[in-house]
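Trainee: Hi! Could you walk me through this one?

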Amino acid sequence: MTLKDILPGRLGFGTAPLGNMFRAIPEEEAFETVEAAWNDGIRYFDNAPFYGAGLAEIRMSEALANKPRDGYVISTKVGRLVLDEIEDVSDSGFGENGVFKYGRRNKVVNDYLADATMRSIEGSLERLKTDRIEIVWVHDVAQDFHGDEWLGIFESARLGAFRVLDRLRDEGVIKAWGLGVNRVEPIELLLGLKEPRPDGFLLAGRYSLLDHDRALQRVMPVVAERGLGIIVGGPYSSGALVGGPNFEYSPATPQILDKVAKIRAIADRHGVSMKAAGLHFALANPAVAGVIPGASRPERIAEDSAAYAEMVPAAFWRDLRHAGLVNPDAPVPETN
């Protein structure tokens with residue numbers, strides 16, 4: 001069974017904002033956002049213990065409490081354990097890099113070993129109030145969170161989380177597993193191993209209009225050739241593509257802002273929304289099984305759904321290529 005077989009649709013919902021990413025989101029707004037996603041036909045929800053120290057999982061479970069469990073697919077992640085211990089609020093690094101500083105104050109620790117993997121899944125099941133999780137990603141075994149130690153972290157996960165998830169998949173406890181990362185290198189490394197056997201990957205921010213060269217060259221062809229799948233997270237590059245101030249969870253550089261402006265000028269000329277450009281670019285690659293933009297307001301869900309349904313003319317993609325804004329080898333939609 002491939003990721004494309006498991007996913008109920010190609011447009012999913014990334015729940016990181018429900019964990020109070022960057023801002024304190026009122027409960028009502030969080031629930032309305034999930035309800036809007038449901039009403040627009042979205043049936044795949046990606047989560048993680050890291051998102052607000054379990055807050056996103058708790059909110060999502062409450063928002064979906066009256067929905068039929070057989071009617072949607074959940075993925076969550078392992079590698080970070082949410083503890084009962086409360087984090088010292090005087091710690092300026094609370095929430096790791098401050099991204100989830102408005103989340104719950106439970107301490108979150110990195111642990112990719114076998115026992116922690118099982119405990120993490122049990123904790124997620126409890127917070128999600130469900131009896132099963134379809135897809136499990138091993139979260140952030142990469143240099144952006146672990147620096148020079150990332151290869152040691154990867155090895156810890158190889159001996160622990162990877163083997164546990166391989167077994168759980170083979171036993172039918174979960175349907176699929178892989179890496180959930182913001183970097184290409186750990187995916188490339190795992191693809192080079194004979195064992196274990198992942199089903200696919202969640203790659204955030206590395207296959208977007210603003211940044212796709214390395215993924216295109218190093219992992220997308222192999223993933224497609226092996227019949228695996230990529231779920232693209234962050235198709236709007238932390239919001240930079242659609243006019244936001246951040247790229248890679250940090251203020252966008254002048255170079256990125258200049259690229260956005262050039263893409264927008266071409267999009268405006270063809271009457272194409274930037275969200276449609278981002279979504280359709282990602283989905284055009286045969287390795288991509290789905291895309292999960294995040295949203296913290298109901299109106300953002302409506303925008304995503306409209307962008308997914310939007311017809312983007314072939315001339316738009318030709319002009320992007322002519323301007324050197326898309327890698328010449330990147331697949332683009334064949335719409336007219």
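Trainee: Where is Pro196?
Mentor: Pro196 sits in the loop between helix 8 (185–191) and strand 8 (200–204). Keep in mind that this is a predicted model.

Trainee: Okay, and what kind of peptide bond joins Glu195 and Pro196?
Mentor: A cis one, with omega at about 0°. Most peptide bonds are trans.

Trainee: Which residue other than glycine has a positive phi?
Mentor: Asn20 is one, with phi near 65°. Asn20 belongs to the loop between strand 1 (13–14) and helix 2. As background, most residues other than glycine have a negative phi.

Trainee: Since you mention helix 2, at what angle do helix 2 and helix 3 pack?
Mentor: About 60°, with the axes 9 Å apart; helix 2 covers residues 27–39 and helix 3 covers residues 55–63. That angle makes helix 2 oblique to helix 3. Their crossing is right-handed.

Trainee: Which residues make the contact?
Mentor: From helix 2 you have Glu27, Ala30, Phe31, Val34 and Glu35, and from helix 3 Leu55, Arg59, Glu62 and Ala63. By class, that contact has five nonpolar and four charged residues, with no polar ones.

Trainee: New pair, then. Are helix 11 and helix 14 roughly parallel or roughly antiparallel?
Mentor: Helix 11 (residues 254–270) and helix 14 (residues 314–322) pack at about 155°, and their axes are 10 Å apart. Angles over 145 degrees count as roughly antiparallel, so that is what helix 11 and helix 14 are to each other. Helix 11 passes helix 14 in a right-handed crossing.

Trainee: And who touches whom there?
Mentor: Helix 11 brings Ile263, Ile266, Ala267, Arg269 and His270, while helix 14 brings Ala315, Phe316, Asp319 and Leu320. The contact of helix 11 with helix 14 divides into six nonpolar, one polar and two charged residues.

Trainee: How far apart are the axes of helix 6 and helix 7?
Mentor: 3 Å, at an angle of about 35°, for helix 6 (residues 150–159) and helix 7 (residues 161–170). Phe154, Ser156, Ala157, Arg158 and Leu159 of helix 6 meet Ala161, Phe162 and Arg163 of helix 7. Of the residues in this contact of helix 6 with helix 7, five are nonpolar, one is polar and two are charged.

Trainee: Switching to pockets: what volume does the second largest pocket have?
Mentor: About 270 Å³. The second largest pocket is lined by 14 residues, and Val82, Leu83, Asp84, Gly123 and Arg127 are the closest to its centre.

Notes: Residues are numbered from 1 along each chain as its sequence is written. This is a predicted model: local features need pLDDT of at least 70, side-chain atom pairs count only at pLDDT 80 or more; totals for chains, interfaces and linings use all residues. Side-chain values use heavy atoms; hydrogens and water are left out. On a 1 Å grid over the protein atoms alone, a cavity is a set of points where a 1.4 Å probe fits but cannot get out, and a pocket is an open set with protein on both sides within 12 Å along at least five of seven lines; lining residues have an atom within 4 Å of a point. Grid points are joined across faces, edges and corners, and a volume is the space filled by probe spheres set on the points. Axes are lines fitted to C-alpha atoms, for helices over the stretch in contact, and angles run from 0 to 180 degrees between N-to-C directions. Helices (H or I, at least four residues) and strands (E, at least two) are DSSP runs, numbered from the N terminus. Angles under 35 degrees count as roughly parallel, over 145 as roughly antiparallel, 65 to 115 as roughly perpendicular and the rest as oblique. A crossing is left-handed if the near helix is turned anticlockwise from the far one by less than a right angle, and right-handed if clockwise. Contact means heavy atoms within 4.5 Å. Ala, Val, Leu, Ile, Met, Phe, Trp, Tyr, Cys and Pro count as nonpolar, Asp, Glu, Lys and Arg as charged, and the others, Gly among them, as polar.
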